[in-house]
2 protein chains.
Amino acid sequence: MKKRLLSFLAVGISLSAFSQSEDSLFIRRIADQILVNGKAYEDLRTLTKTVGARLSGSAGMYKAEAWGLKTMQGAGADKFWLQECLVPHWVRGGKDEAMASYPVNGSKAAKKKSLDVLALGNSMGSNKPLKGDVIEVKDFADLEAKKNQVKDKIVFYNYPFNNTYVHTFMAYRDAGMYRGQGPSRAAKYGAAAVIVRSLSSSTDNNPHTGATSYNDSFAKIPAVAIGLQDADWLSNALKAQPVSVMLHTHGKFLPDTLGHNVIGELKGTEFPNEYITIGGHLDSWDPAEGAHDDGAGCVQTIEVLRTLKALGYRPKRTIRFVLFANEENGTRGGNKYAEEAKAKGEKHIFALESDEGGFTPRGFGISGNDQQFAKASSWKALLAPYGASEINRGGGGSDIGPLARTQATPLAGLAPDPQRYFDIHHARNDVFENVNKRELLLGAVNMAALVYLVDKYGY
Amino acid sequence: MKKRLLSFLAVGISLSAFSQSEDSLFIRRIADQILVNGKAYEDLRTLTKTVGARLSGSAGMYKAEAWGLKTMQGAGADKFWLQECLVPHWVRGGKDEAMASYPVNGSKAAKKKSLDVLALGNSMGSNKPLKGDVIEVKDFADLEAKKNQVKDKIVFYNYPFNNTYVHTFMAYRDAGMYRGQGPSRAAKYGAAAVIVRSLSSSTDNNPHTGATSYNDSFAKIPAVAIGLQDADWLSNALKAQPVSVMLHTHGKFLPDTLGHNVIGELKGTEFPNEYITIGGHLDSWDPAEGAHDDGAGCVQTIEVLRTLKALGYRPKRTIRFVLFANEENGTRGGNKYAEEAKAKGEKHIFALESDEGGFTPRGFGISGNDQQFAKASSWKALLAPYGASEINRGGGGSDIGPLARTQATPLAGLAPDPQRYFDIHHARNDVFENVNKRELLLGAVNMAALVYLVDKYGY
């Protein structure tokens with residue numbers, strides 16, 4: 001018995017070693033294919049340079065959908081289609097302007113300085129120029145302390161991005177509430193407008209936009225993000241004398257319009273009714289090309305499809321490649337995808353998103369139960385040679401989040417190195433030139449490897 | 001007995017847990033200090049923008065040494081000095097030029113195309129324009145096969161950088177011999193000059209220089225690196241018709257001259273006769289600012305000094321902060337440092353170099369015995385929160401290598417993410433603008449943490 005058990009164990013071990021080695025060889029083939037023949041970088045060039053910005057409802061959105069469908073087809077999807085969803089249609093409406101005025105010592109003439117600002121996404125424009133004295137607040141506690149002084153003023157939230165967080169997304173979460181809730185919390189006390197310090201630790205002066213979220217109980221006052229250098233200037237200027245700002249923004253909502261998720265599919269050969277979803281989001285803010293956010297996730301998703309086809313891989317499960325609509329100001333695409341999946345009784349066993357930039361991969365964030373986390377962790381040694389050596393708890397993406405809520409689908413998010421993301425996030429410099437080809441491709445390698453493992457072993 | 005042993009173990013465990021927690025807190029202080037108050041980025045701006053290129057023997061070298069000494073002093077070194085060493089003095093001597101000529105179908109007139117080239121470091125100029133027909137070889141085996149055809153020709157080594165290596169330094173080592181040995185191996189068969197495909201996988205056309213090494217048995221023929229796009233053009237053109245190139249380079253050696261290692265020191269309080277060295281190299285190739293190679297390593301080294309002082313840390317062992325001379329074309333600084341250490345009977349217990357660029361840190365490469373590797377590995381959990389989660393065997397740096405040879409000093413090399421290094425290595429675009437502040441600072445955080453641990457626990 002002892003002998004039999006030992007030989008049984010030996011067979012077990014050698015089978016497992018064989019699988020690991022087979023997996024390791026297949027992942028090596030994935031990597032060679034992508035690092036040598038990968039088209040994600042050229043796809044990204046096309047998306048950024050011929051489509052460009054593609055906010056929900058814009059002309060760019062329609063061009064991007066057409067590009068996505070054609071590229072999904074070219075990459076070899078068995079099926080490809082557009083999934084309709086109503087999307088919000090916010091427009092910036094014009095050039096955002098902010099001009100500071102402040103008295104010069106001993107003179108009646110005011111000095112002026114133009115500030116680099118961008119209206120926050122979803123914010124309502126001032127329409128005509130709006131002038132107000134600026135009052136700086138450090139944070140919401142400071143706002144509460146000064147609540148009797150803010151009426152008719154422009155509240156300047158100068159809450160800094162906390163550079164001591166090594167993981168920059170923690171700093172983003174920490175400071176993010178000033179962009180999200182800042183306008184309405186200031187409006188509650190009668191403020192005329194708000195200026196929010198950009199959510200960034202960059203060394204330049206580009207303002208970083210992004211969605212704000214009004215509370216319907218209060219006036220929807222104009223709100224802009226200001227570049228970091230101008231934020232520092234304004235704060236210093238306010239220490240010396242009063243400063244007023246003339247603000248002019250034009251944001252508004254047009255009626256909701258039809259947008260689409262772009263979907264490609266490889267049909268499963270053994271378990272066609274088990275679905276694996278991999279995706280990024282196709283929409284991007286208007287001031288730039290959305291190269292990292294989230295052009296990168298889109299072209300990586302298509303690269304995974306292309307690579308599985310090129311290697312002749314026939315998946316056991318049905319794999320969906322999805323370019324989601326409207327992540328930036330509504331998540332309507334992600335919601336629609338999950339709703340329709342539920343309505344059709346589709347069983348979604350796993351979803352993976354890339355929406356943290358096309359930077360060098362460091363790992364995956366995993367949301368799921370202990371068993372699922374252990375399974376993902378057991379693949380670490382297979383992924384580490386390609387950079388994804390950090391398998392951490394927590395992760396996914398805004399667009400696949402609804403699947404977790406509607407049918408408890410376990411999620412994963414590609415975790416690229418986060419140091420440069422908030423240099424470019426929602427700013428003018430989120431352009432193709434700031435994406436590195438090898439970093440982008442290596443992200444796709446790790447995504448393809450993880451999808452292969454989930455497809456092969458289930459999850 | 002059992003009880004006593006258990007309580008002894010319990011004390012041991014809690015002491016060890018206490019040390020880990022104390023270390024983790026101190027490293028957190030290091031990180032906060034550097035991420036908030038770090039000056040490495042501004043130091044790098046000064047070094048790159050006011051000194052610029054600083055090849056051995058150049059005026060830039062002297063300016064860089066003066067900058068280094070002053071900055072070392074400002075950072076709080078107990079002692080700081082220049083250590084003399086003779087360095088080679090190679091000069092480019094003029095603008096490198098290459099003009100391709102090739103016949104046009106059915107016409108006698110030749111078409112011309114200017115190629116972007118840079119003479120290899122240490123190479124001898126053509127002095128007057130040199131014209132030759134180009135013969136392409138894939139590798140040295142191909143050269144041997146064509147050895148009877150290369151007389152008076154310009155040999156074009158078109159060996160590609162192997163993109164399937166995830167660790168790009170492997171590709172560099174793989175292709176590096178064509179830059180190092182290519183000229184003499186072609187000269188052996190009578191070639192007039194060589195053109196080497198740049199050691200890079202970049203998407204631009206910048207040529208990448210770097211040292212070549214002539215074999216004194218053969219003629220020292222001119223040798224240039226060519227940009228990747230021009231290399232591909234040349235290879236394609238040669239498929240269609242013969243191509244000749246007019247090459248004009250001007251390289252030469254002036255007499256050796258005095259250069260210096262710049263050294264700062266913090267005296268050890270318990271074991272002053274045990275030395276820890278941390279450094280980078282101060283010299284850089286002439287076409288750019290040497291921002292990543294190796295301005296980054298220099299300013300990170302000084303940042304570690306500044307940080308230990310700012311935190312009031314008094315080292316047990318003597319720590320040396322060294323900006324080495326002449327890494328690029330001689331390693332004379334590193335050799336001199338090790339020789340003098342040996343002559344003075346200094347006991348060097350550990351040396352750390354940063355010379356793989358100022359990119360986001362991923363880990364350390366460790367050269368030493370099993371025990372030393374195990375010790376470094378035991379610190380992984382302390383370093384991982386700051387990015388250095390990969391502790392691998394093999395690593396160090398050219399400048400500290402001589403210490404390993406003269407007194408078996410164990411070495412470590414900071415291992416930043418390698419994907420972008422060969423985009424800029426020895427090329428015009430190795431400039432300040434291509435360094436990211438947080439990535440640079442995080443490298444310094446991990447270096448300071450490792451030096452602290454080695455100082456505290458010995459090695």
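In which helix of chain B does B:Asp294 lie? B:Asp294 lies in helix 8 of chain B, residues 291–310, where helices (H or I, at least four residues) and strands (E, at least two) are DSSP runs numbered from the N terminus. The model is predicted, and local features need pLDDT of at least 70, side-chain atom pairs count only at pLDDT 80 or more, and totals for chains, interfaces and linings use all residues. Residues are numbered from 1 along each chain as its sequence is written, while chains are lettered from A and ligands numbered from 1 in the order in which they are written.

The peptide bond from B:Asp293 to B:Asp294 is cis, with omega near 0°. In chain A, a cis peptide bond joins A:Asp293 and A:Asp294, with omega about 0°, and A:Asp294 is placed in helix 8 (residues 291–310) of that chain. Most residues other than glycine have a negative phi, and most peptide bonds are trans.

Positive phi values were found in two non-glycine residues described here. For A:His426, phi is near 60°; this residue is in the loop between helix 13 (421–424) and helix 14 (437–457) of chain A. A:His426 counts as buried because it has 28 C-beta neighbours inside 10 Å; a residue is buried if 20 or more other C-beta atoms lie within 10 Å of its own, exposed if 12 or fewer, and partly exposed in between, with C-beta atoms placed from the backbone. For B:Asp152, phi is near 65°. B:Asp152 is in the loop between helix 4 (140–145) and strand 6 of chain B, and is exposed, with 11 other C-beta atoms within 10 Å.

An open sheet of eight strands in chain A has the order 1-10-12-11-13-16-14-15, with mixed pairing; two strands pair if DSSP finds at least two bridges between them. Strand 1 (79–91) and strand 15 (390–393) of chain A stand at the edges with a single partner strand each, so one side of each has no neighbour in the sheet. From one strand to the next, the twist averages 20°; axes are lines fitted to C-alpha atoms, for helices over the stretch in contact, and angles run from 0 to 180 degrees between N-to-C directions. Strand 11 (residues 271–281) and strand 12 (residues 317–324) of chain A pair in the parallel sense over eight bridges. A:Ile276 has A:Ile319, in strand 12 of chain A, as its bridge partner.

Helix 5 of chain B (residues 168–180) has 13 residues and reaches 18 Å from its first C-alpha to its last, close to the 18 Å expected at 1.5 Å a residue; the expected span is 1.5 Å times one less than the number of residues. Its buried residues include B:Tyr172 and B:Tyr178. The buried residues of helix 5 pack against elements of chain B including strand 7 (193–197) and helix 13 (421–424), contact being defined as C-beta atoms, placed from the backbone, within 7 Å.

Chain B can be laid on chain A with an RMSD of 0.0 Å by a turn of 180° and a shift of 0.0 Å along the axis. The two copies are thus related as by a two-fold rotation axis; superposition is by least squares on the C-alpha atoms of residues with pLDDT of at least 70 in both. Of the interface residues of chain B, 100% are also interface residues in chain A, so the copies meet through the same surface.

Methods. Contact = placed C-beta atoms within 7 Å.
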